[in-house]
Amino acid sequence: MSSTSKVLDPSFQGVGQRPGTEIWRIENFQPVPLPKSDYGKFYMGDSYIVLQTTPSKAGSYLYDIHFWIGKDTSQDEAGTAAIKTVELDAVLGGRAVQHRELQGLESDKFLSYFRPCIMPLEGGIASGFKKPEEEEFETRFYVCRGKRVVRLKQVPFARSSLNHDDVFILDTQNKIYQFNGANSNIQERAKALEIIQFLKEKYHEGTCDVAIVDDGKLDTESDSGEFWVLFGGFAPIGKKVVSEDDVIPESTTAKLFSITGGEVKIVEGELSKGLLENNKCYLLDCGAEVFVWVGRVTQVEDRKASSQVAEDFIASQNRPKATRITRVIQGYETNSFKSHFDSWPAGSTAPGAEEGRGKVAGLDHLISYK
(Lines give C-alpha, C1' and ligand atoms only; values in the text may rest on other atoms or scores of the structure.)
Protein backbone atom coordinates (compact mmCIF):
# COMPACT_ATOMS: atom_id res chain seq x y z
CA MET A 1 0.00 0.00 0.00
CA SER A 2 3.05 2.29 -0.16
CA SER A 3 1.82 3.49 -3.55
CA THR A 4 -1.18 5.06 -1.81
CA SER A 5 0.85 8.13 -0.89
CA LYS A 6 1.65 8.72 -4.56
CA VAL A 7 -1.97 9.06 -5.59
CA LEU A 8 -3.80 10.50 -2.60
CA ASP A 9 -3.80 14.31 -2.64
CA PRO A 10 -2.05 15.52 0.54
CA SER A 11 -4.86 18.02 1.08
CA PHE A 12 -7.28 15.12 1.60
CA GLN A 13 -5.23 13.49 4.36
CA GLY A 14 -7.43 12.53 7.32
CA VAL A 15 -10.66 14.00 5.95
CA GLY A 16 -14.15 13.01 7.05
CA GLN A 17 -13.11 11.91 10.52
CA ARG A 18 -15.57 14.11 12.41
CA PRO A 19 -18.99 15.68 11.76
CA GLY A 20 -19.03 19.08 10.11
CA THR A 21 -17.86 21.00 7.07
CA GLU A 22 -14.47 20.97 5.33
CA ILE A 23 -13.69 23.25 2.36
CA TRP A 24 -10.97 23.44 -0.28
CA ARG A 25 -10.39 26.13 -2.92
CA ILE A 26 -8.88 25.17 -6.27
CA GLU A 27 -5.61 27.08 -6.59
CA ASN A 28 -3.32 26.38 -9.56
CA PHE A 29 -5.36 23.23 -10.21
CA GLN A 30 -4.81 21.86 -6.72
CA PRO A 31 -7.20 21.74 -3.73
CA VAL A 32 -5.99 23.99 -0.91
CA PRO A 33 -7.71 23.80 2.51
CA LEU A 34 -9.64 26.97 3.29
CA PRO A 35 -9.20 28.60 6.74
CA LYS A 36 -12.37 28.25 8.82
CA SER A 37 -12.48 32.05 9.14
CA ASP A 38 -13.21 32.17 5.38
CA TYR A 39 -16.04 29.60 5.42
CA GLY A 40 -19.06 31.13 3.71
CA LYS A 41 -16.97 33.39 1.44
CA PHE A 42 -16.99 32.21 -2.17
CA TYR A 43 -15.09 34.19 -4.80
CA MET A 44 -16.86 34.31 -8.14
CA GLY A 45 -13.64 33.64 -10.05
CA ASP A 46 -12.90 30.41 -8.17
CA SER A 47 -14.10 26.84 -7.72
CA TYR A 48 -14.44 25.07 -4.36
CA ILE A 49 -14.95 21.60 -2.93
CA VAL A 50 -17.12 21.28 0.18
CA LEU A 51 -17.32 18.08 2.23
CA GLN A 52 -20.16 17.66 4.72
CA THR A 53 -19.79 14.79 7.19
CA THR A 54 -22.93 13.67 9.03
CA PRO A 55 -23.34 10.87 11.62
CA SER A 56 -25.74 8.12 10.57
CA LYS A 57 -28.14 6.20 12.80
CA ALA A 58 -25.96 3.13 12.31
CA GLY A 59 -23.02 4.89 13.94
CA SER A 60 -20.98 5.43 10.77
CA TYR A 61 -20.62 8.63 8.75
CA LEU A 62 -22.55 9.81 5.71
CA TYR A 63 -20.75 12.03 3.20
CA ASP A 64 -21.95 14.72 0.80
CA ILE A 65 -19.39 16.35 -1.49
CA HIS A 66 -20.33 19.54 -3.31
CA PHE A 67 -18.20 21.27 -5.92
CA TRP A 68 -19.10 24.96 -6.24
CA ILE A 69 -18.46 26.72 -9.52
CA GLY A 70 -18.21 30.53 -9.49
CA LYS A 71 -19.72 32.35 -12.47
CA ASP A 72 -16.31 33.76 -13.45
CA THR A 73 -14.23 30.63 -12.86
CA SER A 74 -12.28 29.15 -15.76
CA GLN A 75 -13.47 25.95 -17.42
CA ASP A 76 -10.19 24.28 -16.46
CA GLU A 77 -10.61 25.13 -12.78
CA ALA A 78 -14.22 23.93 -12.81
CA GLY A 79 -13.06 20.68 -14.41
CA THR A 80 -10.36 20.29 -11.77
CA ALA A 81 -12.95 20.69 -9.01
CA ALA A 82 -15.09 17.93 -10.57
CA ILE A 83 -12.12 15.57 -10.91
CA LYS A 84 -10.80 16.24 -7.41
CA THR A 85 -14.30 15.59 -6.06
CA VAL A 86 -14.09 12.06 -7.46
CA GLU A 87 -10.66 11.60 -5.89
CA LEU A 88 -11.95 12.83 -2.52
CA ASP A 89 -14.81 10.35 -2.81
CA ALA A 90 -12.30 7.53 -3.38
CA VAL A 91 -10.43 8.55 -0.22
CA LEU A 92 -13.73 8.31 1.69
CA GLY A 93 -14.40 4.81 0.39
CA GLY A 94 -16.27 5.61 -2.82
CA ARG A 95 -19.65 6.12 -1.14
CA ALA A 96 -20.26 9.88 -1.00
CA VAL A 97 -23.17 11.57 -2.74
CA GLN A 98 -21.75 14.24 -5.07
CA HIS A 99 -23.46 17.48 -6.05
CA ARG A 100 -22.61 20.14 -8.63
CA GLU A 101 -23.38 23.64 -7.32
CA LEU A 102 -23.51 26.61 -9.69
CA GLN A 103 -23.24 30.12 -8.26
CA GLY A 104 -26.71 31.56 -7.73
CA LEU A 105 -28.36 28.16 -8.24
CA GLU A 106 -27.10 26.38 -5.13
CA SER A 107 -29.18 23.60 -3.57
CA ASP A 108 -30.97 24.17 -0.26
CA LYS A 109 -28.83 21.41 1.22
CA PHE A 110 -25.62 23.24 0.35
CA LEU A 111 -26.87 26.61 1.58
CA SER A 112 -27.98 25.09 4.90
CA TYR A 113 -24.32 24.53 5.89
CA PHE A 114 -23.66 28.27 6.14
CA ARG A 115 -25.17 30.77 8.60
CA PRO A 116 -26.64 33.19 7.91
CA CYS A 117 -25.83 32.65 4.22
CA ILE A 118 -23.01 32.33 1.70
CA MET A 119 -21.33 35.56 0.60
CA PRO A 120 -20.45 35.65 -3.12
CA LEU A 121 -17.49 38.01 -3.62
CA GLU A 122 -15.97 39.59 -6.71
CA GLY A 123 -12.52 38.37 -7.71
CA GLY A 124 -10.61 35.15 -7.31
CA ILE A 125 -7.23 33.58 -6.66
CA ALA A 126 -6.00 34.05 -10.23
CA SER A 127 -7.96 37.15 -11.22
CA GLY A 128 -5.64 39.82 -9.94
CA PHE A 129 -8.60 41.55 -8.29
CA LYS A 130 -8.13 42.92 -4.82
CA LYS A 131 -10.06 41.29 -2.02
CA PRO A 132 -12.97 43.44 -0.76
CA GLU A 133 -11.21 44.05 2.55
CA GLU A 134 -8.26 45.57 0.64
CA GLU A 135 -10.41 48.04 -1.29
CA GLU A 136 -12.03 51.33 -0.33
CA PHE A 137 -15.60 50.82 0.83
CA GLU A 138 -18.03 50.35 -2.05
CA THR A 139 -21.80 50.65 -1.73
CA ARG A 140 -23.38 47.26 -2.53
CA PHE A 141 -26.99 46.32 -3.21
CA TYR A 142 -28.30 42.80 -2.58
CA VAL A 143 -31.54 40.92 -3.06
CA CYS A 144 -32.38 38.45 -0.30
CA ARG A 145 -34.68 35.48 -1.04
CA GLY A 146 -35.61 32.28 0.72
CA LYS A 147 -37.56 30.94 3.67
CA ARG A 148 -35.71 27.95 5.15
CA VAL A 149 -32.37 28.96 3.63
CA VAL A 150 -31.32 32.32 2.25
CA ARG A 151 -29.97 33.20 -1.18
CA LEU A 152 -28.08 36.49 -1.26
CA LYS A 153 -27.31 37.95 -4.68
CA GLN A 154 -25.63 41.21 -5.57
CA VAL A 155 -27.73 43.26 -8.02
CA PRO A 156 -27.16 46.59 -9.80
CA PHE A 157 -27.56 49.62 -7.52
CA ALA A 158 -30.57 50.95 -9.41
CA ARG A 159 -34.30 51.48 -8.87
CA SER A 160 -34.96 48.92 -11.63
CA SER A 161 -33.55 46.17 -9.36
CA LEU A 162 -36.32 46.72 -6.79
CA ASN A 163 -39.61 44.83 -6.78
CA HIS A 164 -42.54 44.20 -4.41
CA ASP A 165 -41.83 40.49 -3.84
CA ASP A 166 -38.34 40.36 -2.30
CA VAL A 167 -36.27 41.87 0.50
CA PHE A 168 -33.32 44.10 -0.44
CA ILE A 169 -30.23 45.19 1.47
CA LEU A 170 -28.41 48.43 0.62
CA ASP A 171 -25.00 48.47 2.29
CA THR A 172 -23.58 52.01 2.40
CA GLN A 173 -20.56 53.23 4.31
CA ASN A 174 -22.48 54.73 7.25
CA LYS A 175 -25.83 52.92 7.19
CA ILE A 176 -27.33 49.61 6.07
CA TYR A 177 -30.90 49.78 4.75
CA GLN A 178 -33.35 46.87 4.59
CA PHE A 179 -36.14 47.37 2.06
CA ASN A 180 -39.09 45.04 2.65
CA GLY A 181 -41.12 44.42 -0.51
CA ALA A 182 -44.85 44.57 0.18
CA ASN A 183 -45.26 40.91 -0.83
CA SER A 184 -42.19 39.57 0.97
CA ASN A 185 -42.75 37.21 3.89
CA ILE A 186 -41.78 37.43 7.54
CA GLN A 187 -39.18 34.66 7.20
CA GLU A 188 -37.34 36.56 4.47
CA ARG A 189 -37.41 39.75 6.50
CA ALA A 190 -36.03 38.01 9.58
CA LYS A 191 -33.27 36.35 7.56
CA ALA A 192 -32.32 39.69 6.01
CA LEU A 193 -31.82 41.10 9.52
CA GLU A 194 -29.43 38.22 10.26
CA ILE A 195 -27.44 39.05 7.13
CA ILE A 196 -27.34 42.74 8.03
CA GLN A 197 -25.91 41.87 11.43
CA PHE A 198 -23.27 39.74 9.68
CA LEU A 199 -22.38 42.60 7.29
CA LYS A 200 -22.27 45.06 10.17
CA GLU A 201 -19.80 42.97 12.17
CA LYS A 202 -17.74 41.88 9.16
CA TYR A 203 -17.34 45.11 7.22
CA HIS A 204 -18.33 47.96 9.57
CA GLU A 205 -16.65 46.93 12.85
CA GLY A 206 -20.13 46.71 14.35
CA THR A 207 -20.66 50.48 14.38
CA CYS A 208 -22.92 51.51 11.47
CA ASP A 209 -26.63 52.32 11.76
CA VAL A 210 -29.39 50.03 10.45
CA ALA A 211 -32.65 51.28 8.91
CA ILE A 212 -35.83 49.41 7.93
CA VAL A 213 -37.76 50.75 4.93
CA ASP A 214 -41.22 49.36 4.18
CA ASP A 215 -42.50 49.24 0.62
CA GLY A 216 -45.25 51.81 0.01
CA LYS A 217 -44.63 53.85 3.17
CA LEU A 218 -42.89 57.15 2.50
CA ASP A 219 -41.85 59.57 5.24
CA THR A 220 -39.50 62.20 3.84
CA GLU A 221 -38.16 63.04 7.31
CA SER A 222 -37.14 59.50 8.15
CA ASP A 223 -34.85 56.69 6.98
CA SER A 224 -37.36 56.03 4.23
CA GLY A 225 -36.71 59.47 2.77
CA GLU A 226 -32.93 58.95 2.94
CA PHE A 227 -33.28 55.60 1.19
CA TRP A 228 -35.25 56.99 -1.75
CA VAL A 229 -32.91 59.97 -2.15
CA LEU A 230 -30.12 57.46 -2.84
CA PHE A 231 -32.21 56.18 -5.76
CA GLY A 232 -32.87 59.66 -7.14
CA GLY A 233 -36.15 60.22 -5.32
CA PHE A 234 -39.35 58.29 -4.66
CA ALA A 235 -41.14 56.76 -7.65
CA PRO A 236 -43.20 53.64 -8.32
CA ILE A 237 -41.21 50.43 -8.75
CA GLY A 238 -41.86 47.72 -11.29
CA LYS A 239 -42.90 44.10 -11.07
CA LYS A 240 -40.38 41.35 -10.49
CA VAL A 241 -38.58 40.37 -13.68
CA VAL A 242 -38.21 36.60 -13.99
CA SER A 243 -34.69 35.61 -15.05
CA GLU A 244 -33.35 32.23 -16.11
CA ASP A 245 -32.07 31.78 -12.55
CA ASP A 246 -35.66 31.92 -11.30
CA VAL A 247 -36.97 29.30 -13.72
CA ILE A 248 -37.52 25.95 -11.98
CA PRO A 249 -36.97 23.04 -14.38
CA GLU A 250 -39.92 20.70 -14.81
CA SER A 251 -39.74 17.10 -13.65
CA THR A 252 -40.43 14.49 -16.29
CA THR A 253 -40.82 10.73 -16.39
CA ALA A 254 -37.38 9.34 -15.58
CA LYS A 255 -35.33 7.83 -18.41
CA LEU A 256 -32.27 5.65 -17.91
CA PHE A 257 -29.18 5.81 -20.12
CA SER A 258 -26.00 3.72 -19.96
CA ILE A 259 -22.68 5.60 -20.22
CA THR A 260 -20.06 3.91 -22.39
CA GLY A 261 -16.99 5.62 -23.79
CA GLY A 262 -18.39 9.03 -22.98
CA GLU A 263 -21.61 8.33 -24.92
CA VAL A 264 -25.13 7.84 -23.55
CA LYS A 265 -27.51 5.16 -24.81
CA ILE A 266 -31.13 4.73 -23.76
CA VAL A 267 -31.90 1.64 -21.65
CA GLU A 268 -35.26 0.22 -22.70
CA GLY A 269 -37.82 -1.27 -20.32
CA GLU A 270 -39.40 -0.32 -17.02
CA LEU A 271 -36.98 1.03 -14.47
CA SER A 272 -35.85 -1.60 -11.99
CA LYS A 273 -32.79 -2.05 -9.83
CA GLY A 274 -31.79 -5.10 -11.87
CA LEU A 275 -30.95 -2.92 -14.90
CA LEU A 276 -27.97 -1.39 -13.08
CA GLU A 277 -24.75 -3.38 -13.63
CA ASN A 278 -22.04 -2.88 -11.04
CA ASN A 279 -19.22 -2.37 -13.58
CA LYS A 280 -20.95 0.48 -15.44
CA CYS A 281 -22.10 4.07 -15.00
CA TYR A 282 -25.62 5.22 -15.83
CA LEU A 283 -27.43 8.52 -16.27
CA LEU A 284 -30.98 8.89 -14.92
CA ASP A 285 -32.72 11.86 -16.52
CA CYS A 286 -35.56 13.19 -14.35
CA GLY A 287 -35.88 16.56 -16.07
CA ALA A 288 -35.34 18.86 -13.09
CA GLU A 289 -32.47 16.68 -11.88
CA VAL A 290 -29.98 14.38 -13.57
CA PHE A 291 -28.45 11.54 -11.55
CA VAL A 292 -25.23 9.74 -12.38
CA TRP A 293 -25.19 6.22 -10.90
CA VAL A 294 -21.76 4.65 -10.46
CA GLY A 295 -21.32 0.88 -10.15
CA ARG A 296 -19.21 -0.27 -7.22
CA VAL A 297 -16.49 -1.87 -9.37
CA THR A 298 -16.17 0.84 -12.03
CA GLN A 299 -12.77 2.36 -12.73
CA VAL A 300 -11.90 5.80 -11.35
CA GLU A 301 -11.30 7.17 -14.86
CA ASP A 302 -14.84 6.13 -15.84
CA ARG A 303 -16.17 7.81 -12.70
CA LYS A 304 -14.40 11.05 -13.56
CA ALA A 305 -15.66 10.96 -17.16
CA SER A 306 -19.27 10.35 -16.10
CA SER A 307 -19.60 13.79 -14.48
CA GLN A 308 -18.63 15.53 -17.73
CA VAL A 309 -21.05 13.33 -19.65
CA ALA A 310 -23.88 14.60 -17.43
CA GLU A 311 -22.92 18.25 -18.08
CA ASP A 312 -22.72 17.62 -21.83
CA PHE A 313 -26.11 15.88 -21.71
CA ILE A 314 -27.78 18.88 -20.02
CA ALA A 315 -26.25 21.24 -22.58
CA SER A 316 -27.38 19.05 -25.51
CA GLN A 317 -30.95 19.05 -24.17
CA ASN A 318 -30.99 22.86 -23.73
CA ARG A 319 -31.96 22.43 -20.08
CA PRO A 320 -32.03 25.41 -17.68
CA LYS A 321 -28.88 26.11 -15.69
CA ALA A 322 -30.85 25.21 -12.56
CA THR A 323 -30.93 21.54 -13.59
CA ARG A 324 -29.22 19.61 -10.78
CA ILE A 325 -26.52 16.98 -11.22
CA THR A 326 -26.24 14.47 -8.37
CA ARG A 327 -23.87 11.50 -8.41
CA VAL A 328 -24.62 8.42 -6.30
CA ILE A 329 -22.60 5.28 -5.69
CA GLN A 330 -24.03 1.76 -5.82
CA GLY A 331 -25.19 0.76 -2.35
CA TYR A 332 -25.40 4.38 -1.14
CA GLU A 333 -28.24 5.67 -3.31
CA THR A 334 -30.42 8.49 -2.02
CA ASN A 335 -34.15 7.96 -1.45
CA SER A 336 -34.80 10.50 -4.20
CA PHE A 337 -32.89 8.34 -6.69
CA LYS A 338 -34.49 5.07 -5.58
CA SER A 339 -38.00 6.52 -5.83
CA HIS A 340 -37.79 6.42 -9.64
CA PHE A 341 -37.38 2.61 -9.73
CA ASP A 342 -40.11 0.02 -9.36
CA SER A 343 -39.92 -2.14 -6.25
CA TRP A 344 -36.50 -1.03 -5.04
CA PRO A 345 -36.05 -3.28 -1.95
CA ALA A 346 -36.51 -1.42 1.32
CA GLY A 347 -33.38 -1.04 3.41
CA SER A 348 -31.15 -1.87 0.47
CA THR A 349 -28.67 0.91 1.16
CA ALA A 350 -25.37 -0.53 2.29
CA PRO A 351 -25.17 -0.68 6.11
CA GLY A 352 -22.37 0.80 8.18
CA ALA A 353 -20.81 -2.65 8.47
CA GLU A 354 -19.71 -2.36 4.85
CA GLU A 355 -17.90 0.90 5.52
CA GLY A 356 -14.44 -0.61 5.78
CA ARG A 357 -14.90 -2.81 2.73
CA GLY A 358 -16.07 0.19 0.69
CA LYS A 359 -13.07 2.22 1.76
CA VAL A 360 -10.62 -0.51 0.72
CA ALA A 361 -12.42 -0.92 -2.62
CA GLY A 362 -12.28 2.81 -3.26
CA LEU A 363 -8.56 3.00 -2.49
CA ASP A 364 -7.85 -0.02 -4.67
CA HIS A 365 -9.51 1.66 -7.64
CA LEU A 366 -7.66 4.91 -6.99
CA ILE A 367 -4.31 3.10 -6.89
CA SER A 368 -5.02 0.86 -9.86
CA TYR A 369 -6.55 3.34 -12.26
CA LYS A 370 -5.44 6.86 -11.32
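1. One definition before anything else: two strands count as paired if DSSP finds at least two bridges between them. With that in hand, look at strands E5 (residues 61-69) and E6 (residues 97-102) of this predicted model. They run parallel and are joined over six bridges. For a spot to check by eye, take Trp68, whose bridge partner in E6 is Glu101.

2. Helix H2 (residues 75-91) lies across E1 (20-27), E2, E4 (47-55), E5, E6 and E17 (324-329), at about 25° to E4. Helix H6 (residues 300-316) also packs on the sheet, and its contacts include E5, E6, E13 (255-260) and E14. The direction of H6 makes about 155° with that of E17.

3. Now the sheet as a whole. It is open, has 10 strands with mixed pairing, and reads E2-E1-E4-E5-E6-E17-E16-E15-E13-E14. On average, neighbouring strands here are turned by 25° against each other, ignoring direction.

4. Stepping back to the overall picture, the protein has eight helices and 17 strands. Of its 370 residues, 49% count as buried. Among contacts between residues at least 6 apart in sequence, 64% join residues at least 24 apart.

5. Last, the surface. The accessible area comes to about 18200 Å², and carbon and sulfur atoms account for 50% of that.

Definitions and conventions
Residues numbered from 1 in each chain as written. Predicted model: local features only at pLDDT ≥ 70, side-chain atom pairs only at ≥ 80, totals over all residues. Heavy atoms only, no water. Helix = DSSP H or I, 4+ residues; strand = E, 2+ residues; numbered from the N terminus. Buried < 20%, exposed > 50% of the residue type's maximum accessible area, 1.4 Å probe, protein only. Contact = heavy atoms within 4.5 Å. Areas by Shrake-Rupley, 256 points an atom, 1.4 Å probe, with all protein chains shown as cover. Axes fitted to C-alpha atoms, helices over the stretch in contact; angles between N-to-C directions.
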